[in-house]
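Open the model in your viewer and keep the selection panel at hand.

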Amino acid sequence: MHGILILLHAVTATLAFLAGCLLIISPKYFSSRSLFYLYLWSLVAMALLLTGAIVVSWGEYSDVEQIVFPGLLGLALFMLFRAWGAGVVFAAQQNDWKLGYVEHIGFTLISLLEGFIIVGGLDLGFPGWLVAIVAIMGLYAGRWLIGFAKRRVA
């Protein structure tokens, strides 16, 4: 059951990532309500599936994992808060709303990217130092891309 939940968690995270990228990168999709809801509900599903995976395997986790996985769940909940914030900004569309919208979605995209890098790298057996370097590079690349998207909509 844990494997299925993790697989579905990864699929919904990927879907949220792709939808979020289209929202802030493509002028064609920037104001798409349906794409925003796909992004938002994919994040909700991702967090729920992560919760399920943690619950079904809790007894098998080491002491460290019992700290790390709830921490990741906390991050997922904060990502939902930021996605909700993007929805509030999108709905209100007040002065300079596009910058806040991009910043909220950008936070979730960088968080997802970091998760893909860290989990993928460790699962593939890469040394921790290499995963850390690639994760740091991913953070900088993500911030640069968010800055680019903000300059484009400003």
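**Into the core**

Start with the largest nonpolar core, a set of 35 residues. Select Tyr39, Leu43, Tyr101 and Ile105: these have the most contacts inside it. Now colour by helix. H1 (2–25), H2 (33–57), H3 (65–92), H4 (97–123) and H5 (128–153) each supply at least two residues of this core. The most come from H2, which gives 9 residues. This is a predicted model.

Next, centre on Ile105. Ignore its neighbours within four places in sequence; the contacts are then Gly20, Leu23, Ile24, Phe36, Tyr39 and Ala86.

**On to the rings**

The whole structure holds 16 aromatic pairs. Select Phe36 and Tyr39 for one of them. The pair is tilted, with 5.7 Å centre to centre and 50° between the planes. Both residues sit in helix H2, 3 residues apart, so about one helical turn separates them. Phe36 and Tyr39 are both buried.

Move to Phe90 and Tyr101. Are these rings stacked or tilted? Their planes meet at 20°, under the 30 degrees cut-off, so the pair is stacked, with centres 5.2 Å apart. Phe90 belongs to helix H3 and Tyr101 to helix H4, so the pair ties together parts that are 11 residues apart in sequence. Phe90 and Tyr101 are both buried.

**Last stop**

Select Phe30, Phe36, Tyr37, Tyr39, Phe90, Trp97 and Tyr101 together. They form one aromatic cluster. Both pairs from the previous stops, Phe36 with Tyr39 and Phe90 with Tyr101, have their residues in this cluster.

Terms used: Residues are numbered from 1 along each chain as its sequence is written. This is a predicted model: local features need pLDDT of at least 70, side-chain atom pairs count only at pLDDT 80 or more; totals for chains, interfaces and linings use all residues. Side-chain values use heavy atoms; hydrogens and water are left out. A nonpolar core is a set of buried Ala, Val, Leu, Ile, Met, Phe, Trp, Tyr and Cys residues joined through side-chain atoms within 4.5 Å. Buried means under 20% relative accessible area, exposed over 50%, partly exposed in between (1.4 Å probe, protein chains only). Helices (H or I, at least four residues) and strands (E, at least two) are DSSP runs, numbered from the N terminus. Contact means heavy atoms within 4.5 Å. Rings of Phe, Tyr and Trp (its six-membered ring) pair if their centres lie within 6.5 Å; planes under 30 degrees apart count as stacked, over 60 as edge-to-face and the rest as tilted.
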